[in-house]
Every structure is written in structure tokens, then in C-alpha cells.
Amino acid sequence: MILIMSRGWHLLLVAAFLVLWSASDVRAQDILRGTIVDDVKCADDATQSYALYVPSTYSHDRPWNLLMAFHPGARGRLMVEKYAAAAEQYGYIVAGSNTSRNGSWSAAAAAVHAMSGDLGRRFAIDAERLYLTGLSGGARVAMLVALGKNPIAGVIASSAGYPDSQPRASVPFAVFATAGTEDFNYIEMRLLDRKLTSPHALAIFSGGHTLPPDAVALEAIEWMELQAMKSGRRTRDDALVDRLFEKRQRKIAASTNAADTVHLLDALVSDFKGLRDVSADSARARDLSKQPEVKKALARERADDDSEARMLGDIFDLEASLSDESRHDVALMRLRDRLSKWAHTASAVEESPERSQARRVLRAITTGAAERVQDPGYRTLLEQYRLPGR
């Protein structure tokens with residue numbers, strides 16, 4: 001889903017966040033703490049609601065971190081469940097909209113406006129520690145709000161990136177992206193991560209177009225805590241830094257792939273620089289990446305990403321040719337041939353990088369095809385090769 005935000009919506013969202021920041025002196029209503037509440041009605045608009053988790057230790061005498069979440073199907077509880085354990089451990093209020101869903105931006109904007117204002121009236125929120133997260137179209141909503149010059153510290157973007165799907169070199173908020181190995185937006189997330197130079201991370205897990213595993217959700221929150229310490233948004237906690245540093249070191253020690261080890265070392269250096277001495281890790285990454293076989297593996301990894309992006313671009317070009325009567329039959333034949341080959345690879349019994357690629361490419365092509373192409377013959381062909389799941 002691609003959403004375009006007009007100037008009017010930008011002003012509406014800024015106004016909503018101003019309400020949030022200015023209202024922290026109002027006491028929270030009687031809401032259970034330490035458990036998920038499915039349906040909190042917004043006081044000013046009962047048509048808007050959200051699922052909510054408030055840490056068991058919440059008190060109104062200090063400001064708390066806030067994570068606002070968006071699901072493409074308005075399943076607020078699902079989003080809150082994913083981050084509740086991490087929120088309890090690290091002191092985040094988590095709210096998942098029950099009304100924002102894939103579709104028009106006006107509905108998403110209304111949900112953001114109502115939810116942010118309501119949370120600001122109920123709870124003491126730290127104006128420097130506002131975070132957004134979302135899945136698929138919900139991630140695009142989160143990114144869109146963050147890009148709108150709202151005071152956002154970070155975004156956890158799962159299975160989708162910017163509202164226009166275009167990579168950016170820098171954004172004013174930290175980005176933790178996630179994607180499954182068979183996710184149809186896998187390449188988008190890889191290219192997003194590759195382009196960014198401002199604080200960012202990418203977690204790839206085994207799976208499809210879905211929320212990340214609980215361990216990755218916890219990793220995302222812990223990464224945001226590191227970024228908050230580096231930016232001065234939270235007081236430095238050396239005990240926490242040491243614990244997270246050791247956790248990363250164990251992950252590096254368990255890596256059996258040299259190219260993966262380079263990526264893990266590079267991430268550790270980027271994330272802990274200024275918090276720990278990472279000179280030895282930086283030198284190790286540099287030396288390892290210079291080894292001939294590792295250098296080839298890293299280059300091949302980048303080339304594979306570029307090749308997959310070109311695959312999709314070629315398919316979309318062929319789809320555009322279907323509207324040209326003189327090129328229609330040849331384009332349809334080529335599309336059929338490529339879809340057939342990918343379907344054969346995707347049906348392999350054993351897991352492999354080739355099978356994962358074929359599955360995500362097929363899903364990328366069949367997802368949203370109705371919005372791209374009207375040709376009945378091609379749409380019938382796509383249904384033939386559509387894979388189950390996401």
C-alpha cells in the first residue's frame with residue numbers, strides 16, 4: 001500500500017502530537033497494568049479505539065516511552081502482543097490501533113490523531129521517546145508519520161518501508177527493519193537498509209510476510225534503547241550496555257558463515273561505538289572482509305540482491321507491455337515462462353536460497369496484481385501460480 005500525505009494531514013498529525021506532549025499532567029483512567037486490554041475507546045471519538053499494554057510498574061510520576069503500532073488489518077491486539085514482553089522489561093506503553101487498516105490515508109490519519117491525543121491525556125509520556133511500529137501497510141503508516149516532521153525517536157518497520165517504497169540515504173529517526181526470507185517485500189527491505197546511512201538495522205528471519213519472532217521483537221526494543229543512550233534520549237546504563245554487548249558477542253561466536261560474521265561485527269561496531277571500546281571488533285571485521293573467499297561472498301550477496309530487484313523490474317515492464325496489442329502475445333509468453341520456472345523452484349522439498357527467492361518473487365508478483373494489470377489472460381495465469389500464505 002502506498003499512501004500520500006497532503007500538507008493538511010501533516011498539520012493534523014503535528015497538532016495531535018502537541019496534544020500528547022502537553023497533556024501529561026492528566027491522570028490515567030482505571031486501566032489494568034501488566035495485561036493487554038483489547039479495546040480502549042478514545043475519549044473524544046468513540047469510533048476510534050486501540051489495544052493497550054501498560055507495564056505493571058507504571059506510575060504517573062515520571063514520563064514513559066510510548067510505542068504506537070499499526071496493523072494492515074486493524075488488529076491492534078496482535079501488534080501489542082508482539083511487543084508486550086519487551087515493553088514490560090524496558091518500560092514502554094504499547095498501543096495498537098484497532099481502526100487503522102490498509103486503504104485510504106485519511107482513515108489512518110484519523111486513527112493516529114485520535115490515538116495519540118487520547119494516550120497523551122491518559123498517561124505521562126516522554127516527549128523524547130515516542131516510537132512507531134507497523135506490519136506491511138501499517139509499517140508504511142508508521143514511516144509516513146515519522147517522515148512528517150513529527151517528534152519520532154524510532155520506527156520498527158516490519159515487511160514494508162517508506163510510503164513511496166523509495167530508499168532514502170538519511171532520515172531523522174532510527175529505523176529497525178525486519179523481513180522474512182520468503183517475504184514479498186524482502187528486497188525492498190534489503191535495499192532500504194543498504195541505502196540508509198543514519199542509524200538503522202535489519203533483521204532477517206526464516207518466514208514470510210509477517211511480524212518477526214518474539215526474539216527479534218525484543219532485539220528491536222533493545223536496539224532502540226542503545227540508540228536512545230547514544231543520542232542522549234536516555235541516561236547511559238553501563239550494566240545494560242555490558243549485557244547487550246555480551247549478548248551480541250555470543251551471537252557472533254555462534255555464527256558459522258564468514259559473511260554473516262562480518263555483518264554482525266559491523267552492526268556491533270555501529271551500535272556500540274561511543275558506548276564500548278569496539279576497536280578490536282572493527283579490526284576483526286575489516287580483516288575478515290579482506291579474505292578472498294569472504295570478499296567474494298559479500299560481493300555475491302550484493303549482486304544477488306541487485307539481480308532480484310532487476311527480476312521484478314523486468315516482470316513489471318512485461319506487464320506494462322500487455323496493454324500494447326503489438327507486444328501482448330510475446331509479453332504473455334515470456335511471463336508464463338518465467339512464472340513456470342519460479343513455480344518449479346518454489347515447489348522444491350528442501351530449503352535453499354533459490355527456493356526462498358522463487359517464493360518471494362512469485363508472491364511479490366501476485367500480490368497487488370489486480371491494481372497493476374487488468375489483462376484477463378495474465379490474471380488467470382497469476383492465479384495458477386499464486387502460492388498459499390504470505
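The lining of the second largest pocket divides into twelve nonpolar, twelve polar and eight charged residues. Here Ala, Val, Leu, Ile, Met, Phe, Trp, Tyr, Cys and Pro count as nonpolar, Asp, Glu, Lys and Arg as charged, and the others, Gly among them, as polar. This is a predicted model, in which local features need pLDDT of at least 70 and side-chain atom pairs pLDDT 80 or more, while totals for chains, interfaces and linings use all residues. Residues are numbered from 1 along each chain as its sequence is written, and side-chain values use heavy atoms, with hydrogens and water left out.

A pocket is an open set of points on a 1 Å grid over the protein atoms alone, where a 1.4 Å probe fits, with protein on both sides within 12 Å along at least five of seven lines; lining residues have an atom within 4 Å of a point.

Of the 49 residues lining the largest pocket, Arg190, Ile204, Asp260, His263 and Glu301 are the closest to its centre. Helix H8 gives the largest share of that lining, nine residues. In the second largest pocket, 32 residues form the lining, and Arg140, Ser165, Asn185, Glu188 and Ala364 lie nearest the centre. Its largest share, four residues, comes from H10. Helices (H or I, at least four residues) and strands (E, at least two) are DSSP runs, numbered from the N terminus.

Now for the cores. A nonpolar core is a set of buried Ala, Val, Leu, Ile, Met, Phe, Trp, Tyr and Cys residues joined through side-chain atoms within 4.5 Å; buried means under 20% relative accessible area (1.4 Å probe, protein chains only). The largest one has 45 residues, and Leu52, Leu119, Phe123, Leu132 and Val155 have the most contacts inside it. Apart from this core lies another of 40 residues, including Tyr90 and Val269.

Where does Glu182 sit? Glu182 is in the loop between strand E7 (174–180) and H5, and is buried, with a relative accessible area of 13%. A polar contact of 3.5 Å joins the side chains of Glu182 and Arg359; such a contact is a pair of N or O atoms within 3.5 Å, one able to donate a hydrogen and the other to accept it.

Key. Buried < 20%, exposed > 50% of the residue type's maximum accessible area, 1.4 Å probe, protein only.
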